Amino acid sequence: MTHFNRLLFFLLILSMQACSSDPTEHQTDQSEGSPLPLPLSKDELANKVKGMLVGSAIGDAMGAPTEMWDRESIDRTYGWVDDLDSMVREVSPEGTWKVNLPAGGTTDDTRWKKLVFEYLETQPTRELDPTAFSRHIVREYEAYFSDFQTLRPEQTEALEYANLRVLWLQEWYKVSKPILNEDLMGYQQALGKFYGGEMVCAGLLYAPAIGLRYPGQPEMAYEQAYRLSLYDIGYAKDISALSAAMTAAAMTANGDKTKLLDVLRSVDPESFFKSRLVGRSSYRALEIAREIAETVQGASIPEKNLPGTASAKKSAMKQAFVLLDKHLQDMPFHAGEIHLQVLTAMLVADFDFRDSLTFLVNYGRDNDTTAAILGGILGAFHGYENLPDAMKTQVVDVNKNLLDIDLHALAETQTNHILSQYAAPK
């Protein structure tokens, strides 16, 4: 690596680690010796953290049986989906790792929350380290890869499982490795080919988990999530960071829906609104979502609710589906498409947890990811105690007993870690 390339790489990482806004605008950080006051009680924080994690897993589980399906196929096989269902589907690196999972099983959208929670526990201050994040992914990948060293050719099922785990993080490893090697050109080349060099929803898989760390501080959440958007390109970085910011705002919104929507206009540390010729693509998605919601509801959002009956809600959602079809991208896991679907579901369903997920799952496309993102944001907004009882019990049990993901334990550990970075609650 030349001296010039090393200098460029150093400047790249430095820019990721630097807050783009005036640091005097923020409250004193714990790293400077004065812990911030926590804007929630300990019990409230625990409720919001668990709400995000389990809410996201519920969305993931609702969409998992029909991930990437079109809505005609969903309707033909499952009818109108408004609850959890069993998964009769093939395994895949990004999907389920076990066949025929019962209702409540999850995909990589929940595995990413677990991986990021474990990374966050290693971060001693509120300022997140993108190099450490890359190292965390590399170590996880290498641990999966080491399984091959102990397996024999006849252990076909174990080999298939090991292969799924390795392939899940293989693309991420390719981008992470040159970061650790301070190889700017290697990083640029790997990022340019990440999942085909498309604007995939990379950071959206874990952004809500980052937002939890900064309750009531959406700008700080944005900045830290933006640092970790190492696998995003273009305005996908902005969308990922906004999802973290919305989660942070949701934790202290106290039922005020406008606080979530205000984030999309007022939080812009990277000045995307000033992007020459293009402007802020993520905000245009909000404007389209508003237009769709106003069309099907016949009133401004969010002041009025959907019509009260189940049939009327279903009819309004189907009308919105037709309008959303006009904005499809070439691939269903495009960050811009996902962002638009998430916002539209939120507005059409007036921030209702179950109705919002029902909207996304029945629309199809990358519906486990869209439902996991919105389930996480609204889970933080409503809190764990207000999530549907049967759904959360089923998802927690299946993930713990069959998938080795203890959502309760992860939430408790993360809650305690967040508490350690704030002044003791009164």
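Trainee: Which helix does S282 lie in?
Mentor: This is a predicted model, to begin with. S282 lies in helix α12, which covers residues 281-297.

Trainee: Is S282 buried or exposed?
Mentor: S282 is buried, because its relative accessible area is 2% and the cut-off for buried is under 20%.

Trainee: What does S282 touch?
Mentor: Leave out residues up to four places away in sequence. Then S282 touches D238, I239, L242 and H339.

Trainee: Which residues line the largest cavity?
Mentor: L204, I239, S243, M246, I338, H339, V342, L343, I373 and I377. Elements giving two or more residues to that lining are α10, α14 (335-348) and α16 (367-382).

Trainee: Which element gives the most to that lining?
Mentor: Helix α14, with four residues.

Trainee: And how many of the lining residues are nonpolar, polar or charged?
Mentor: Eight are nonpolar, two are polar and none is charged.

Trainee: What about the largest nonpolar core? How many residues has it?
Mentor: It has 130 residues. Those with the most contacts inside the core are W112, F133, W172, Y206 and Y231. Helix α10, residues 236-251, gives the most to this core, with eleven residues.

Trainee: Pick W172. What is W172 in contact with?
Mentor: Skip its neighbours within four places in sequence. W172 is then in contact with W112, I137, F194, Y195, A202, L205, Y206 and Y231.

Technical notes
Residues numbered from 1 in each chain as written. Predicted model: local features only at pLDDT ≥ 70, side-chain atom pairs only at ≥ 80, totals over all residues. Heavy atoms only, no water. Core = buried A, V, L, I, M, F, W, Y, C linked by side-chain atoms within 4.5 Å. Buried < 20%, exposed > 50% of the residue type's maximum accessible area, 1.4 Å probe, protein only. Contact = heavy atoms within 4.5 Å. 1 Å grid on protein atoms, 1.4 Å probe; cavity = no way out; pocket = protein on both sides within 12 Å on 5 of 7 lines; lining within 4 Å. Nonpolar A, V, L, I, M, F, W, Y, C, P; charged D, E, K, R; others polar.
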